[in-house]
Amino acid sequence: MNIRESVSADGSHTLFNEEYQESYHSLKDGAINETMQKHVLPPLDCLDLMSRPKIRILDICFGLGYNSFFTIYAFLLRQYCGEIEIYSPEKDLEIFSKLLKINYPKEILTLDGTELKEILSALKDEGEYSQNQWKIQCFRGEALEYLERFDCGFFDVIYQDAFSPQKNLELWSEQYFSKLFILLKDDGVITTYSQSKQVSETVKKIGFYVYEIQQKEVRNSRLFAKKEINLPFLVKK
């Protein structure tokens, strides 16, 4: 699969996917900014994650691994004492060879004392990396197939970060979100960059509450929850 490296607005690097004709991150918002503001930080601001003994996160899809790696970075920075498990499908079997060559942000070049290249190599060769209190599992294949492996209410957080609904419809369908509804805990949340009205109507039909996150550094994003959340930075849609 042909992919090329780009520099986003905040100076962090991302890749452009020729098959889907989209970048893995918003060049306008910046790869780090988008990762942190739209995915990693909202669950920390909305849920009691720091008090949970174990947190399970579904990262759709792995891509460059920014969501997964910055999640570990953020929780360790906050001195989280529990266990973190991140599960992420990735159907591009060739991407890890490319990831070993790109320029990653300095914040995640070392995670918990281990060089990122060592982690990437393990994910490439074995599909999983574990250390101390956290692990990342990367499934090589279709996301819909991967979801069948998990039990009801398995995940605390889901990062819905697939390519856009126009380019990757199967990961934005009613059938797909119905499966996520089952896999998400009652007190969990789904984060997404998409502000698509059609997507919002689809998830509301399933039973999710839809909130727009009022962002300052990036464009607004959205949050899907199974229960109502009343916070000043969330606008119910």
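K38 is buried (under 20% relative accessible area, with over 50% exposed and values in between partly exposed; 1.4 Å probe, protein chains only), with a relative accessible area of 2%. The model is predicted, so local features need pLDDT of at least 70 and side-chain atom pairs count only at pLDDT 80 or more, whereas totals for chains, interfaces and linings use all residues. Residues are numbered from 1 along each chain as its sequence is written, and side-chain values use heavy atoms, with hydrogens and water left out.

K38 lies in helix α1. Helices (H or I, at least four residues) and strands (E, at least two) are DSSP runs, numbered from the N terminus. Contact means heavy atoms within 4.5 Å. Leaving aside neighbours within four places in sequence, K38 contacts D29, N33, T191, T192, Y193, Q215, V218, R219 and S221. I136 is 98 residues from K38 along the chain, and their C-alpha atoms are separated by 20 Å.

Helix α1 also packs against helix α2 (residues 66-77). The angle is about 55 degrees, and the axes are 10 Å apart. Axes are lines fitted to C-alpha atoms, for helices over the stretch in contact, and angles run from 0 to 180 degrees between N-to-C directions. The two helices, α1 and α2, are therefore oblique to each other. Angles under 35 degrees count as roughly parallel, over 145 as roughly antiparallel, 65 to 115 as roughly perpendicular and the rest as oblique. The crossing of α1 and α2 is right-handed; that is, the near helix is turned clockwise from the far one by less than a right angle. From α1, the contact uses A31, I32, T35, M36, H39, V40 and L44. From α2, Y66, N67, F70, T71, A74 and F75 take part. By class, the contact of α1 with α2 has nine nonpolar, four polar and no charged residues. Here Ala, Val, Leu, Ile, Met, Phe, Trp, Tyr, Cys and Pro count as nonpolar, Asp, Glu, Lys and Arg as charged, and the others, Gly among them, as polar.

Helix α2 also holds S68. S68 is buried, at 0% relative accessibility. Leaving aside neighbours within four places in sequence, S68 touches D59, F62, I86 and I136.

E174, F177, S178 and F181 of α6 meet V199, T202, V203, K205 and I206 of α7. The contact of α6 with α7 comprises five nonpolar, two polar and two charged residues.

The largest nonpolar core has 51 residues. Such a core is a set of buried Ala, Val, Leu, Ile, Met, Phe, Trp, Tyr and Cys residues joined through side-chain atoms within 4.5 Å. F69, L99, Y104 and L123 touch the most other members. Helix α1 (residues 31-46) supplies the largest share, seven residues. Not counting residues up to four places away in sequence, F69 touches F62, L64, Y104, I108, L111, L116, I119, L120, L123 and I136. A second, separate core has 26 residues, including Y87, F139, F154 and F224.

N220 sits in the loop between β12 (209-213) and β13 (221-225). Not counting residues up to four places away in sequence, N220 touches Y193, Q195, E212, I213, Q214 and Q215.
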